[in-house]
Amino acid sequence: MSARATVAIIGGSGFYQMDGIEDVETIELATPFGAPSGAIVIGAVAGARVAFLPRHGAGHRILPGELPQRANIWALATLGVERIISVSAVGSLKEEIAPLDMVVPDQLIDRTRGRVSTFFGNGIVAHIAFDEPFCAPLSASLHAAASGAGVRAHAGGTMIVMEGPAFSTRAESLLYRSWGAHIIGMTALPEAKLAREAGICYATLACVTDYDTWHPAHDSVSADMIIGNLLKNVAHARGIIGEAVASLPAVRACACASALADAIITPLDLAPEGAKRDLAPILERAGKAVPR
Ligand SMILES: [Zn+2]
């Protein structure tokens with residue numbers, strides 16, 4: 001495969017293409033986990049080869065719970081991607097995090113249901129560490145770029161990932177506030193878990209469109225206002241990503257790449273051939289010799 005990229009951007013709602021990308025090639029990849037959300041566009045951003053994948057597909061046709069997240073992460077891993085910057089629209093659970101603010105979260109609470117959240121199974125058992133779900137150095141670069149762009153950017157915070165597609169009830173929103181959570185979205189999981197399994201650094205630029213349903217002002221929020229905020233956020237996010245990519249050191253100084261080192265329980269010589277074949281790109285990236 002000739003197309004290679006070291007950084008990937010997964011664009012969320014409203015973010016369907018990357019501007020300012022040069023020397024572009026578009027590739028369609030098949031994976032053992034089906035087709036990714038859409039064609040992956042690879043081009044040069046700030047001197048790096050960057051892959052762009054619109055999370056919800058061209059024309060925004062895929063629900064959060066329907067996303068082919070294993071196919072997306074597998075495809076990016078096979079392209080050589082070492083870092084993923086995920087862009088997501090979120091609601092705020094805190095008064096001090098206002099619409100048009102950005103948050104680079106450092107924790108997650110999983111409120112999704114029925115999504116397949118691992119590449120493993122089918123005869124190979126692995127348990128990755130996930131106490132720190134985001135890559136700290138990549139998150140720091142993203143936060144610094146957002147702050148430098150004149151956006152009110154919050155470093156750290158807990159993100160609830162809900163199943164959707166309906167938004168929260170008021171009681172749920174108040175419950176999440178009582179847990180101390182900061183923002184709520186629908187897509188960061190299992191994306192972050194799969195990226196960790198694949199040895200890819202993962203950080204999220206969460207763009208606040210509205211206060212969630214807990215807020216007294218919520219009743220006066222219209223879809224037009226939310227979409228207006230979404231588009232403003234995406235315009236800011238594009239600039240922030242360029243700055244963040246330019247600031248990344250060539251060599252990673254984190255432990256993300258070795259997430260699988262001690263995580264696989266099953267001796268690979270006992271594992272089924274089909275499972276090993278499907279996972280070979282990920283196992284080999286982790287330095288695991290795959291018996292043939
Ligand atoms: Zn990392």
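Which residues in helix 1 meet which residues in helix 4? In this predicted model, Gln69, Arg70 and Ile73 of helix 1 meet Pro190, Glu191, Leu194 and Ala195 of helix 4. By class, this contact holds 4 nonpolar, 1 polar and 2 charged residues. Two packed helices are described by the angle between their axes and the distance between the axes. Here the axes of helix 1 (residues 69-78) and helix 4 come within 9 Å and cross at roughly 35°, and the crossing is right-handed.

The buried residues include charged ones: Glu191, Lys193, Arg196 and Glu197. Proline 190, which is found in helix 4, is joined to leucine 189 by a cis peptide bond with omega about 5°. Just after helix 4, glycine 199 takes a positive phi of about 75°.

A cis bond also occurs elsewhere in the chain. The peptide bond from glycine 164 to proline 165 is cis, with omega near 0°. Proline 165 is found in the loop between strand 9 (158-162) and helix 3 (170-178). For background, most residues other than glycine have a negative phi, and most peptide bonds are trans.

Next come the strands. Strand 4 (residues 48-54) is mostly covered, with 5 of its 7 residues buried. Strand 4 pairs with strand 1 (residues 7-11) in the parallel sense over 5 bridges, and in this pairing isoleucine 10 stands opposite leucine 53. Strand 4 is also joined by 5 bridges to strand 3 (residues 40-45), and those two run antiparallel. There, glycine 43 stands opposite valine 50.

Strand 3 and strand 4 form a hairpin with 2 residues between them. With 15 C-beta neighbours inside 10 Å, alanine 46 counts as partly exposed.

Aspartate 23 is another non-glycine residue with a positive phi, in this case about 55°. Aspartate 23 is found in strand 2. It has 8 other C-beta atoms within 10 Å and is therefore exposed. Glutamate 25 lies in strand 2 (residues 22-27) as well. With 13 other C-beta atoms within 10 Å, glutamate 25 is partly exposed. Glutamate 25 and valine 161 are 136 residues apart in sequence and 33 Å apart in space, C-alpha to C-alpha.

The chain as a whole can now be considered. It has 6 helices and 11 strands. The radius of gyration is 19 Å, close to the 19 Å that the globule rule gives for 292 residues, so the chain is as compact as a globular protein of that length. Along its principal axes the C-alpha trace spans about 60 × 45 × 35 Å. Buried residues make up 46% of the 292 residues. Among contacts between residues at least 6 apart in sequence, 83% join residues at least 24 apart.

Note on methods:
Residues numbered from 1 in each chain as written. Predicted model: local features only at pLDDT ≥ 70, side-chain atom pairs only at ≥ 80, totals over all residues. Buried ≥ 20, exposed ≤ 12 C-beta atoms within 10 Å, placed from the backbone. Helix = DSSP H or I, 4+ residues; strand = E, 2+ residues; numbered from the N terminus. Pairing = 2+ DSSP bridges. Rg over C-alpha atoms; globule rule 2.2 N^0.38 Å. Contact = placed C-beta atoms within 7 Å. Axes fitted to C-alpha atoms, helices over the stretch in contact; angles between N-to-C directions. Left-handed = near helix turned anticlockwise from the far one by under 90°.
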